[in-house]
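Dear colleague,

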Amino acid sequence: MKYLSEYRDGELVHAALNRIREITTRPWTLMEICGGQTHSIIKNGLDQLLPPEIDLVHGPGCPVCVTPLELIDKALAIASHPEVIFTSYGDMLRVPGSQADLFSVRAAGGDIRVVYSPLDAVRLAQENPDREVVFFAIGFEATAPANVISVVQADKLNLDNYSILVSHVRVPPAIEAILNSPENRVQGFLAAGHVCAVMGYWEYLPIAEKFDIPITVTGFEPLDIVQGILATVESLEAGTHQVKNAYSRTVTEEGNQSAQAVINQVFENCDRKWRGIGTIPNSGWRLRPAYTKFDAEKRFQVESIQSEESPLCISGLVLQGLKKPDECEAFGTLCTPENPLGATMVSDEGACAAYFRYRK
Ligand code: SF4
């Protein structure tokens, strides 16, 4: 398949790995931002093929993992209303809240439906004018355009029975929070290619400058990832802090400006809580005042719900690159994909699930 098979070419991957070995003179710690990249690295054993000086730590770029527990509890509370059709992508249904998950609410009679696009949820609202239709709008910048377009569409159609439960997060403030931590050990970042396809990489230039750190926009196939690592190690060895683009078949510096415009029309920046990490200033999006009538938290009055994480789970440290999943005492014993204690185990993109699936 074009743009896929050639990026899985073992000879090209090994050539890039050899080049990394040739140029590496000292230890470097790199973080891949995205959970999809983490899975590709662990599944293909790329971390084990790197020279021992290169340590890959796994970042917070898994949307299910960083969605706060209380947002899951808010979703459960809303989905339990008899007049509600609660819609979501399938991966959110198994994520445990404090007491239950969306599957168990559905088993108890809740009308919970998996959709492939928020526009399917808008269509459901049109077809069911006597019901309230709610879409669970979580994710990073990559999923924001479709979610905001659903709000614009519902507004155009004058739908008063459609709303979204928003928990959107943004990558650049998370990178800054990691770099500002006194415990930080990350020296270079692989930025998430799909996020940059929407947002470009202009937001990363001042971060690289301010923290004197290289950032490389990186894709998801094995060759993409080793090329991203190679570009980052080249910068580190040269003592530079460039932002490079190793995913130029998809990403430009300015990104998709039409998508950015519609995001800015509907969303504004806000502080956002990240599961296991806590609140990161300015790291999220919420609906602008002109669109608050589509805010499910307000419509169903669930804003005050608060929830506590399991004290056993160290996913916050995993998501900041301070620990690896197999350093967690609960890994593979008290915490498994069938019985997850934290979202990094339940999500397909979570680092703990990747270690369990490919290393356990
Ligand atoms: S293994 Fe389970 S308990 Fe441990 S950090 Fe991962 S999700 Fe949390």
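Predicted model: local features only at pLDDT ≥ 70, side-chain atom pairs only at ≥ 80, totals over all residues.

**Cysteines**

Cys62 and Cys65 are both buried. A search of the whole structure finds one disulfide.

Cys196, by contrast, takes part in no disulfide. The cysteine sulfur nearest to that of Cys196 belongs to Cys34 and is 10 Å away, whereas a pair must lie within 2.5 Å to be counted as a disulfide. Cys196 is buried, its relative accessible area being 0%. Cys335 has a relative accessible area of 9%; since the limit for a buried residue is under 20%, Cys335 also counts as buried.

**Helix α9**

Which residues of α9 are buried? They are Val171, Pro172, Pro173, Ala174, Ile175, Ile178 and Leu179. The helix spans residues 171-180, and seven of its 10 residues are buried, so α9 is largely enclosed by the rest of the structure. As background, an α-helix has 3.6 residues a turn, so residues three or four places apart point the same way.

**The chain as a whole**

The chain contains 17 helices and 11 strands. Its radius of gyration is 21 Å, close to the 21 Å that the globule rule gives for 360 residues, so the chain is as compact as a globular protein of that length. Along the principal axes, the C-alpha atoms fill a box of roughly 65 × 45 × 45 Å.

Of the 360 residues, 57% count as buried. Among contacts with a separation of 6 or more, 78% are made by residues 24 or more positions apart. The accessible surface of the chain comes to about 15,100 Å², and carbon and sulfur atoms account for 49% of that area.

As to charge, the chain carries 31 positive and 45 negative side chains. The centres of these two sets lie 1 Å apart.

With kind regards

Conventions. Residues numbered from 1 in each chain as written. Heavy atoms only, no water. Helix = DSSP H or I, 4+ residues; strand = E, 2+ residues; numbered from the N terminus. Rg over C-alpha atoms; globule rule 2.2 N^0.38 Å. Buried < 20%, exposed > 50% of the residue type's maximum accessible area, 1.4 Å probe, protein only. Contact = heavy atoms within 4.5 Å. Areas by Shrake-Rupley, 256 points an atom, 1.4 Å probe, with all protein chains shown as cover. Lys, Arg positive; Asp, Glu negative; His and termini not counted. Charge placed at Lys NZ, Arg CZ, Asp CG, Glu CD.
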